[in-house]
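Trainee: I have a new structure to look at, and I would like to learn how to read it feature by feature. Could you walk me through it?

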Amino acid sequence: MPDTNQPPALGEARCPGTSWDDIIAADSRPAPGFLKEDRYEYMGSAPLDAARYVSHEFFQQEVQKMWPNVWQFAARDEEMPEPGDYVLYENAGRSYLLTRQADGSVRAFHNVCLHRGRKLRTESGWAEEFKCPFHGFAWNTDGSLKNIPCRWDFGHLSEENLVLPEASVGRWAGYIFVRDADHGPSLEEYLAPLPEFFSRYRHEEWVTSVWVAKVVHANWKITSEAFMEAWHSVETHPQILAFTGDANSRYNVYGDNVNVALQPMTVLSPHLDREGRSEQWIVDSFLRFAGRAAAAGTTVEVPEGSTARLTMAEANRQIFSALGYDHSHATDSEMLDALTYNVFPNFAPWGGFTPAIVYRWRPWPDENHTLMEVRILTHVPKGQTPPRCVDMHMLTDDQPWTAAAELGALGGVFDQDMYNLAEVQEGLKVSKNGKVNLGNYQEIRIRHFHRTLDKYLSA
Ligand code: FES
Ligand SMILES: [Fe+2]
């Protein structure tokens, strides 16, 4: 048996053959440093306990020790642009009303009436005041008490003691975060180095133009981890191998909270035979199945002697400059690849200059169910006022992701992912050895995630 405490020898740690470095070195523009760096870190090879996914006690530990102490992506600016707009955000036994203030700032109030505890709101909307539907206690949208009906009966209550409790709020690039705890790292510290990298992509200039959600019958970590590695594509998404360099991907980890899989697209999977497969076939497959490419029906011809990657990058550079953004400096990688960042515990924005996928996963409401949301952010046409956010399209239990036509080819990819998840949950419940084994390289993000989770649970 190999010693599981020893890191793999250099050269054995990565897929042999073409590397991520080889691919971006051949791109038509120099890549920014953060796409070139190698930040892999060996974290041991011990298996994970299945109980982390299926035990209610473990879930309760997460609720008590982790969720209140992390910055959670709660809303985007375009969901609540006007004073009085509020977003109901609920997770892990907490309910918040993120509320736009008159000065443009955002505050997050606990969504509980301080009389007898009714939730003040059960959906997002606009309010002049938060008046409880039960007996009519009312609060101003800055959280101060506005009115107590039958005031004569509440002489024992003071206005100061009835201010709505607040959670911490942080904002970055159009994203609004809440944290239950009033202490801990600033949002900027927590997200580092993501804001530095995304200063190229400027998500503050994008809006949510697609937003689809569905309850998945699996633990929230099983669900999110299905999006942390590229190599399940070989078995789960065979149609994308034509243009996905699954095993060529680079996996980087940064501090406790940020990691990324940089997955090259428009290159043939190392798992497919090159023989008889043309560069044109790669482009045709990419346009048909990639989901973030140009509109359906778009065709792109690979000139004699060129490659799928150079051709498609240039095509995307033209297509996605139409809204007034200049992509002449963007690397091929930034016009094509899946640059799939994760921020602990459940926020995953993709980098690059083509429409950005953003995932969020929340327990819904227990260890066996997850609310998975998929957004696609697109550029606001240069010089225009950002439109309001689209409504979230909630799929029912018996609707597949393909029922959300707005997802295009991505819907079919998510259905393929879903095919596994409930079966993983059920499998782990009946596992004889109760262990999960991870690859040392391609699954390092999963190990990184659990290492950080353990820091919260053992604190
Ligand atoms: S519970 Fe809210 S006013 Fe009574
Ligand atoms: Fe997948």
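Predicted model: local features only at pLDDT ≥ 70, side-chain atom pairs only at ≥ 80, totals over all residues.

Trainee: What span should the 12 residues of H10 have?

Mentor: Count 1.5 Å a residue, and helix H10 (residues 308–319) should span 16 Å.

Trainee: Next, the metal. Which protein atoms are donors of the iron ion (ligand 2)?

Mentor: Look for NE2 of His 232, NE2 of His 237 and two OD atoms of Asp 417, which lie 2.0 to 2.8 Å from the iron ion. Along the chain these donors have the spacing H-x4-H-x179-D. Both histidines, His 232 and His 237, are buried.

Trainee: How would you describe the site of the iron ion, and what are the angles among its donor atoms?

Mentor: The site is irregular, and the angles among the four donor atoms run from 52 to 149°. To count as tetrahedral, four donors need all angles between 85 and 135 degrees. Bear in mind that water is not among the atoms, so a site may look incomplete.

Trainee: Now the rings. How many aromatic pairs does the structure hold?

Mentor: There are 32 aromatic pairs. One of them joins Tyr 89 and Tyr 96, a stacked pair with 6.4 Å from centre to centre and 15° between the planes. Tyr 89 and Tyr 96 are both buried. Another pair, Phe 344 with Phe 449, is tilted, at 5.0 Å centre to centre and 45° between the planes. This pair links distant parts of the chain, 105 residues apart: Phe 344 is in the loop between strand S15 (338–343) and strand S16 (347–351), and Phe 449 is in helix H13 (residues 444–457). Phe 344 and Phe 449 are buried as well.

Trainee: Which residues do ring pairs link into a cluster?

Mentor: The cluster includes Phe 34, Phe 73, Trp 172, Tyr 175 and Tyr 254. Tyr 175 also has Arg 76 over its face, 4.5 Å from the ring centre. Elsewhere, Arg 375 lies over the face of Trp 211, at 3.9 Å from the ring centre.

Trainee: What should I look for in the backbone?

Mentor: Start with the general rule: most residues other than glycine have a negative phi, and most peptide bonds are trans. Here, the bond from Ala 192 to Pro 193 is cis, with omega near 5°, and Pro 193 is in the loop between helix H5 (187–191) and helix H6 (194–198). Trp 364 and Pro 365 are also joined by a cis peptide bond, with omega about -5°.

Trainee: Ala 92 and Arg 202 have a positive phi. Is Ala 92 buried or exposed?

Mentor: Ala 92, with phi near 50°, is buried, at a relative accessible area of 14%. It sits in the loop between strand S3 (85–91) and strand S4 (94–100). Arg 202, with phi of about 50°, is partly exposed, with a relative accessible area of 35%. Find Arg 202 in the loop between H6 and strand S12 (206–216).

Conventions
Residues numbered from 1 in each chain as written. Chains lettered and ligands numbered in written order. Heavy atoms only, no water. Donors = N, O, S within 2.8 Å, 3.2 Å for Na, K, Ca; no water. Tetrahedral: all angles 85-135°; square planar, octahedral: opposite > 155°, others 65-115°. Buried < 20%, exposed > 50% of the residue type's maximum accessible area, 1.4 Å probe, protein only. Phe/Tyr/Trp six-rings, centres within 6.5 Å; stacked < 30°, edge-to-face > 60°. Helix = DSSP H or I, 4+ residues; strand = E, 2+ residues; numbered from the N terminus. Lys NZ or Arg CZ within 6 Å of the ring centre and 35° of its normal. Expected span 1.5 Å × (residues − 1).
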